[in-house]
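Let's take a walk through this protein together. Have a look at the sequence and the model, and then we'll start from the inside.

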Amino acid sequence: MAPYEYAIIQAVPRIERGELINVGVLLYCQRHEFLSARTHLDEDRLRALDPAADVPAIRAALESWARTCAGGGASEQMRLGERFRWLVAPRSTVLRAGPVHMGLAADPAAELERLVDLLVR
């Protein structure tokens, strides 16, 4: 078993209202050199909070989280831990990371899928 850190990726379509839905999970395990984001955007739930939500833009932003985990763009020279900290840093945007939590898992990829099923889908 190895320790890992994770944060729920949240969509906040109207920041002034403070309403949000869970749209993914970001998981980092230093021991296994693992960093990945899995997302699932339920458009009906999103539109219930904001009928005018820009779904294509939110999907594109979610894809950028996965690219950042993989070292794309500006994160190319960052170590995995640095990428994780960059993604979970507080921000006032439509997508944000919730608080960071910890756990133990033998297989970080399987744990990520379990967390997405439990917390997002």
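Which residues of the largest nonpolar core touch the most other members? Keep in mind that what you see is a predicted model. The core has 23 residues, and the ones that touch the most other members are Val 23, Leu 26, Leu 41 and Leu 46. The largest share, 5 residues, comes from helix 2.

Now zoom in on Leu 46. Leaving out residues up to four places away in sequence, Leu 46 touches Ala 11, Pro 13, Ile 21, Leu 41, Ala 53, Val 55 and Ile 58.

Is Thr 68 buried or exposed? Its relative accessibility is 11%, and buried means under 20%, so Thr 68 counts as buried. Setting aside neighbours within four places in sequence, Thr 68 is in contact with Ser 75, Arg 83, Trp 86 and Leu 87.

That brings us to helix 3, where the buried residues are Gly 81, Arg 83, Phe 84, Leu 87 and Val 88. Looking down the axis of helix 3, you'd find these residues within an arc of 160°, so they line one face of the helix. And what do the buried residues of helix 3 pack against? Their partners are strand 1, strand 2, strand 3, helix 2 and strand 4.

Definitions and conventions:
Residues numbered from 1 in each chain as written. Predicted model: local features only at pLDDT ≥ 70, side-chain atom pairs only at ≥ 80, totals over all residues. Heavy atoms only, no water. Core = buried A, V, L, I, M, F, W, Y, C linked by side-chain atoms within 4.5 Å. Buried < 20%, exposed > 50% of the residue type's maximum accessible area, 1.4 Å probe, protein only. Helix = DSSP H or I, 4+ residues; strand = E, 2+ residues; numbered from the N terminus. Contact = heavy atoms within 4.5 Å. Arc of directions from axis to C-beta.
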